[in-house]
Amino acid sequence: GASLEGTAAYTETLNPSTRFVDAGGHSPKVATPAFVAPNASLVGNVSVGANSAVWYGAMLRAEGAAA
């Protein structure tokens with residue numbers, strides 16, 4: 001496996017505009033420390049608490065009015 005990867009270092013590129021998206025006048029909030037995977041998306045009025053994790057490929061959306 002490793003011999004097929006080559007010698008060049010892998011660098012993951014992200015489009016930051018798709019990770020944390022404002023919606024309905026609200027922005028996602030992430031406490032410290034928390035883990036948000038590089039390809040996860042948070043949209044709208046989403047809050048991620050301290051010591052939480054949002055894993056790879058996840059999308060959390062809160063675009064409606066708050067209750």
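This is a predicted model: local features need pLDDT of at least 70, side-chain atom pairs count only at pLDDT 80 or more; totals for chains, interfaces and linings use all residues.
Let's start with the strands. Three of them, in the order E1-E4-E7, make up an open sheet with parallel pairing. E1 and E7 (59–62) sit at the edges, each pairing on one side only.

Strand E4, which covers residues 41–44, runs parallel to E7 and is joined to E7 by 4 bridges.

## Around Pro 28

Next, have a look at Pro 28, found in the loop between strand E1 (20–21) and strand E2 (29–30). Its relative accessibility is 16%, and because buried means under 20%, Pro 28 counts as buried.

Which residues does Pro 28 contact, leaving aside its neighbours within four places in sequence? Phe 20, Val 21 and Asp 22 are among them, and so are Leu 42, Val 43, Gly 44 and Val 46. Asn 45 is worth a glance too: Pro 28 and Asn 45 are 17 residues apart in sequence, while their C-alpha atoms are 5.5 Å apart in space.

## A nonpolar patch on the surface

Now turn to the outside of the model. Phe 35, Trp 55 and Tyr 56 form a nonpolar surface patch, and together they have about 370 Å² of accessible area.

Tyr 56 belongs to the loop between strand E6 (53–54) and E7. Is this residue buried or exposed? Tyr 56 is exposed, because its relative accessible area is 53% and exposed means over 50%.

Notes:
Residues are numbered from 1 along each chain as its sequence is written. Side-chain values use heavy atoms; hydrogens and water are left out. Helices (H or I, at least four residues) and strands (E, at least two) are DSSP runs, numbered from the N terminus. Buried means under 20% relative accessible area, exposed over 50%, partly exposed in between (1.4 Å probe, protein chains only). Contact means heavy atoms within 4.5 Å. Two strands pair if DSSP finds at least two bridges between them. Patches are made of residues with over 30% relative accessible area and no salt bridge: like charges are joined within 9 Å, nonpolar side chains (Val, Leu, Ile, Met, Phe, Trp, Tyr) within 5 Å. Accessible areas come from the Shrake-Rupley method with a 1.4 Å probe; for residues, only the protein chains shown count as cover. A salt bridge is a side-chain nitrogen of Lys or Arg within 4 Å of a carboxyl oxygen of Asp or Glu.
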